[in-house]
Amino acid sequence: MSEPVLTISDLHVDYGTGDDAVHALRAIDLTLHRGEVLGLAGESGSGKSTLAYAVTRLLSPPGVITGGDVHYHRRDGEKVDILSLSAPELRAFRWAELSIVFQGAMNSLNPVHTVRSQLTDVLKAHRPEMKRAERTDRAKELLALVGISADRLGAYPHQLSGGMRQRVMIAMALALEPEIVIMDEPTTALDVVMQRQILRQLVKLREQLGFSVVFITHDISLLIEFSDRIAIMYGGRIVEEAGAADIYRDARHPYSDGLLHSFPALHGPRRELAGIPGSPPHLAAMPAGCAFHPRCPRAFDPCASRVPMLTRPAGETAEPRTVACWLHHAAPTGVR
Ligand code: ADP
Ligand code: MG
């Protein structure tokens, strides 16, 4: 596997402090490799957005990072400790090295400014040396990248379809050629055909430009098609991580399996759609042991009392994959 571009280790996030604190992320370990599309899936409330906000330092109170490290690895080998960047360092870092597109981002375009001025504003702020004409040329180039013709430069957001506005947001995110693009449910508000079209374009751009993507969605079938690796979250933890094809063929965690049967797949063998019975836990009342055990069809002895760690399944030697489930680990010897 190629070198890492973003490493998250033992990251913990709480909402609130003291007795009122709830744990939204627990012991998150995750690596994004250069040039890869990493998919992050999980039902609503599993902590996906919290993770995106924490690693980009956009988490706002009552959210607090209570432990862990997040490092960005520059191409020249320099390691940047994201959690200790100062405010000015962060401003230079965002957009230029790491950019993020949020859910409903298409509605965050400024309604009174044209597409041109919104694209060139990003360039103006970070590349003051660029001339006006150069900025306009770059804006045209960016629109072309996401499949929008240059004659839409003068358009206002309301003159564009939802899919186009979302593509403008992606163009903005790519404006400064960042190494990492994080997309948090960027296409959820769009229809399925449009979602796939945008993702296909993104994957093509990634091949052209060489950036890495963290793509977040609750719809795992999208990830199976478009990502290289997939990490699955439940109750603030990563419960399984493997290559996209491996998850599809052979999900190890019963929760991953449940998710796979919750969405229709466009390709590959048909699966029966079953969904997962019950609902995700509340942070303030997280079940003991494996948080999924009350909903798990295969729960047994240790699951209700002991938290399984995310490690390689017993006896696994091939593809790198990890799973946090007692079905795949030897019974624990002590309470963790
Ligand atoms: P996802 O993106 O996977 O749907 P989130 O990261 O948005 O999940 O939320 C994870 C958990 O954190 C949820 O239980 C949610 O209720 C809680 N949470 C999110 N934001 C806040 C907040 N500002 N204050 C308190 N709890 C929050
Ligand atoms: Mg979210």
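**Notes on helix packing, salt bridges and backbone**

1. The crossing of α3 and α5 is right-handed, a term used when the near helix is turned clockwise from the far one, and left-handed when it is turned anticlockwise by less than a right angle. The residues that make the contact are V115, Q118, L119 and V122 on the α3 side and V168, A171 and M172 on the α5 side. Sorted by class, this contact of α3 with α5 has six nonpolar, one polar and no charged residues, where Ala, Val, Leu, Ile, Met, Phe, Trp, Tyr, Cys and Pro count as nonpolar, Asp, Glu, Lys and Arg as charged, and the others, Gly among them, as polar. Contact here means heavy atoms within 4.5 Å.

2. This is a predicted model, in which local features need pLDDT of at least 70 and side-chain atom pairs count only at pLDDT 80 or more, while totals for chains, interfaces and linings use all residues. Residues are numbered from 1 along each chain as its sequence is written, chains are lettered from A and ligands numbered from 1 in the order in which they are written, and side-chain values use heavy atoms, with hydrogens and water left out.

3. Axes are lines fitted to C-alpha atoms, for helices over the stretch in contact, and angles run from 0 to 180 degrees between N-to-C directions.

4. The residues of the contact of α3 with α4 divide into six nonpolar, two polar and four charged.

5. Helix α5 and helix α6 (residues 192-209) pack at an angle of about 20°, with their axes 11 Å apart, and are therefore roughly parallel to each other. The contact involves G163, Q166, R167, I170 and L174 of α5 together with M194, Q197, I198, Q201, L202 and L205 of α6. By class, the contact of α5 with α6 has six nonpolar, four polar and one charged residue. R167 is buried, with a relative accessible area of 9%, where buried means under 20% relative accessible area, exposed over 50% and partly exposed in between (1.4 Å probe, protein chains only).

6. The count comes to 18 salt bridges, a salt bridge being a side-chain nitrogen of Lys or Arg within 4 Å of a carboxyl oxygen of Asp or Glu. One of them joins the side chains of R229 and E36 (2.7 Å, N to O), and this pair links distant parts of the chain, with R229 in strand β9 (residues 229-234) and E36 in the loop between β2 (22-33) and β3 (37-41), 193 residues apart. Both R229 and E36 are buried.

7. Within helix α4 (residues 132-145), E141 and R138 are three residues apart and so separated by about one helical turn, and their side chains meet in a salt bridge (2.7 Å, N to O). E141 is partly exposed, with a relative accessible area of 45%, whereas R138 is buried at 12%.

8. Two points of the backbone deserve a look. The peptide bond from P61 to P62 is cis, with omega near 10°, and P62 lies in the loop between α1 (48-55) and β4 (63-73). E177, although not a glycine, has a positive phi of about 50°; E177 sits in the loop between α5 and β7 (180-184) and counts as exposed at 53% relative accessibility.

Note on methods: Helix = DSSP H or I, 4+ residues; strand = E, 2+ residues; numbered from the N terminus. Parallel < 35°, antiparallel > 145°, perpendicular 65-115°, else oblique.
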